[in-house]
Amino acid sequence: MSTETKPDIDIDRSAGDFRYEMDYAYDAGVGLTEATIDYISDVKDDPDWVRAFRKEGYRKFLEKPMPTHWATKDLESIVFENIRYYLSQGQIPKRTWDEVPDDIKKTFERLGIPEQERKFLAGVEAQFDSEAAYSNIKAAVGEQGVIFVGSSEGLKEHPEIFKKWFGKVIPSGDNKFSALNSAVFSGGSFIYVPPGVKVKHPLQAYFRINAQNFGQFERTLIIADEGAELTYMEGCTAPKFETATLHSAVVELVAMKGAKIQYITVQNWSSNVFNLVTKRGIAHEDAEVKWIDCNIGSRLTMKYPGVVMKGKGARGEVVSIALAGDGQHQDTGAKMIHAADNTTSNIISKSISLGTGRSTYRGMVHVPKHLKGCKNNTECDALLINSHSRTDTYPAISVRGQGNAVQHEASVSQISAEQIFYMQQRGLSEAAAMSLAVNGFVNDLVQQFPMEYSVELKRLIDLEMEGSVG
Amino acid sequence: MSAPSSSSLSIRDLHASIGDKPILKGLTLDIPKGEVHAIMGKNGAGKSTLAKIMAGHPDYNVTSGDVLLDGESILGLEPDVRARLGLFLAFQYPMEIPGVTIANFIRAALQARLPEGEELEATDYYAKLYAKMDALSVPRNFTSRSVNEGFSGGEKKRCEILQMAMLEPSYAVLDETDSGLDIDALKIVSAGVNALRGPNIGMLIITHYQRLLDYIVPDKVHVMSEGRIIHSGDKDLALKLESLGYDWVEKEYGESSTKAA
């Protein structure tokens with residue numbers, strides 16, 4: 001990369017660990033009160049209903065308890081009063097990279113975003129702290145009637161579609177963090193794909209945190225109308241800070257009759273980011289919602305992508321890879337809510353725990369009594385690298401009624417010393433052998449990622465493994 | 001005792017143990033490049049242990065003696081460093097590596113031998129891989145199968161020889177490569193090994209039965225007992241062992257008889 005000689009940045013081995021000094025034009029200050037919410041609403045020139053929605057979210061946020069009792073005490077380390085809830089250099093995303101301010105542009109260039117856009121993407125949104133700095137869709141895709149804009153623009157320019165679904169898949173009171181997001185959301189994507197339109201190439205969003213003590217709260221709403229198809233990918237990074245940073249997104253997907261949405265995440269937050277995200281999709285009749293979720297970074301991730309199968313024949317799928325390095329906790333899983341006959345769900349989860357890392361699978365499959373012909377398959381495999389690594393599995397499967405089938409398999413394995421010796425005998429160093437075995441463990445899932453992402457994923461796993469053997 | 005040749009795999013008076021238990025008790029052996037030697041012996045004689053110790057298995061401690069590769073000691077080197085110096089071990093029980101395809105595994109092993117920044121040429125690699133697979137009657141769809149996972153005994157052994165053919169070691173130790181093979185598989189594996197014989201490789205074949213040596217005819221045969229080589233001869237020694245059994249050679253040349261002599 002060309003910018004590595006710049007003196008004003010410090011670089012670590014991981015590509016995302018760098019930051020530039022910024023002057024923010026808009027800064028909501030530290031801490032969260034109603035005044036903070038008014039500041040955000042004023043800056044963003046929110047319609048009244050959005051301001052009211054935020055206030056309602058704030059009220060619920062204060063009411064809701066922390067979910068610490070079922071996950072981890074570490075959540076209590078988040079000090080909400082110390083967080084900055086809104087920071088931006090300007091709230092209108094640019095349509096060309098030339099218009100993007102230099103210091104933001106060079107961040108995304110280092111992360112390779114413009115290059116990926118040219119190569120294989122149908123559109124890109126690049127969010128820097130609270131707002132998208134860049135948002136563009138290829139002309140040919142736009143001409144098909146596909147809308148791909150930021151959430152602020154979506155709610156203002158397309159209220160007839162936006163309002164119908166916003167906050168409906170995930171009500172603001174779903175949990176404490178969805179309520180927080182509802183109060184202070186900024187950025188994220190709004191996508192609408194008209195009936196029958198199949199978007200060939202993926203749309204991508206990239207979320208970048210640059211500021212310290214910051215909370216990023218993007219809000220994404222994707223609607224695929226009848227028979228439409230879409231793949232959406234998101235990547236995320238942040239530099240390493242001394243203090244905790246919060247990322248708390250809400251993502252809502254709506255797949256109308258016969259539509260297909262595939263949502264791919266490669267999360268590589270730095271090790272001080274609390275990543276507490278609520279993601280859910282509704283699949284109507286014969287529709288399909290598939291989450292492909294890869295969590296490599298963060299201090300604590302709590303994320304359980306869900307699919308509500310609302311129409312007959314709907315399908316839901318979650319494929320997830322979690323890598324918990326030293327000191328990290330990846331608490332991930334899936335929620336499958338069957339709400340119509342002949343609906344099918346599939347969960348495949350693979351986790352790797354390194355050093356003192358801990359990975360948790362938390363799953364929920366719900367099939368009510370009155371339904372027929374529903375199927376669920378759940379597989380979760382855990383790989384432990386060191387003796388003090390940890391994994392837990394908490395599957396909650398409630399299947400009632402006749403004629404529904406459910407299948408659950410779980411395994412825990414370790415890479416044996418004999419396997420490592422065998423690979424070393426072929427000339428691979430211990431770290432390379434370990435990397436190869438870990439990549440092998442997740443290989444069948446990695447193949448479901450688009451090629452560019454699977455290469456990146458392999459590189460990230462190699463980096464994580466480098467420091468893990470002594 | 002002859003001085004180790006600079007072009008040989010040389011084991012000098014090697015003593016080794018696992019925990020407190022001595023396994024090798026002064027083993028000396030010299031395998032010059034271009035020759036094929038066989039080690040025979042009863043179960044428990046320490047044959048497989050010798051192979052693992054040469055390869056650097058972490059469970060064993062070398063207490064004295066040396067192992068020299070082309071005149072340089074390899075003791076104290078990591079197993080992967082020994083491998084990259086040219087030592088190959090065909091395992092008696094090859095390990096399964098789930099999710100890692102044979103093609104990727106061998107490729108990673110070859111890549112590990114290249115200087116940093118140099119990339120293996122994919123087209124050449126696959127051309128070579130397919131040629132070697134054809135020669136060993138390994139079906140081409142094996143490239144996308146995970147290393148040894150769900151393989152039959154014969155498939156595992158063929159896969160070991162395939163790796164040896166691709167990595168082109170200067171010394172190869174074949175540990176009980178014949179175990180678990182039916183006669184057809186034995187012929188294929190032996191043909192594969194014979195095809196690799198030549199002036200640039202020294203081989204040590206560890207076997208319990210002389211059957212393998214009908215197909216891979218060794219230049220020398222050594223008999224191992226209680227952690228030492230007690231007797232050496234030409235290929236006829238293997239036949240003699242087959243008819244007279246190990247008791248004969250142990251009585252003649254074993255611990256008690258050497259002391260007497």
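Me: Hi! Leaving aside neighbours within four places in sequence, which residues is A:Ser435 in contact with?
Reply: Those are A:Ile461, A:Asp462 and A:Met465. Two residues are in contact if their C-beta atoms, placed from the backbone, lie within 7 Å. This is a predicted model, where local features need pLDDT of at least 70, side-chain atom pairs count only at pLDDT 80 or more, and totals for chains, interfaces and linings use all residues. Residues are numbered from 1 along each chain as its sequence is written, while chains are lettered from A and ligands numbered from 1 in the order in which they are written.

Me: Is A:Ser435 buried or exposed?
Reply: A:Ser435 counts as buried because it has 23 C-beta neighbours inside 10 Å. The cut-offs are 20 or more other C-beta atoms within 10 Å for buried, 12 or fewer for exposed, and partly exposed in between.

Me: And where is A:Ser435 placed?
Reply: In helix H10 (residues 430–446) of chain A. Helices (H or I, at least four residues) and strands (E, at least two) are DSSP runs, numbered from the N terminus.

Me: Switching to chain B, what do the buried residues of H5(B) pack against?
Reply: Their partners in chain B are strand E6 (87–90), helices H3 (102–111), H4 (122–135) and H6 (183–196), and strand E9 (171–175). The buried residues of H5(B) include B:Cys159, B:Ile161 and B:Leu162.

Me: What follows H5(B)?
Reply: B:Glu168, with a positive phi near 45°.

Me: How many residues of chain B are in contact with chain A?
Reply: 22 residues of chain B are in contact with 18 of chain A. Helix H2 (79–84), strand E7 (97–101), H3 and H5 of chain B each supply at least two residues of that side of chain B.
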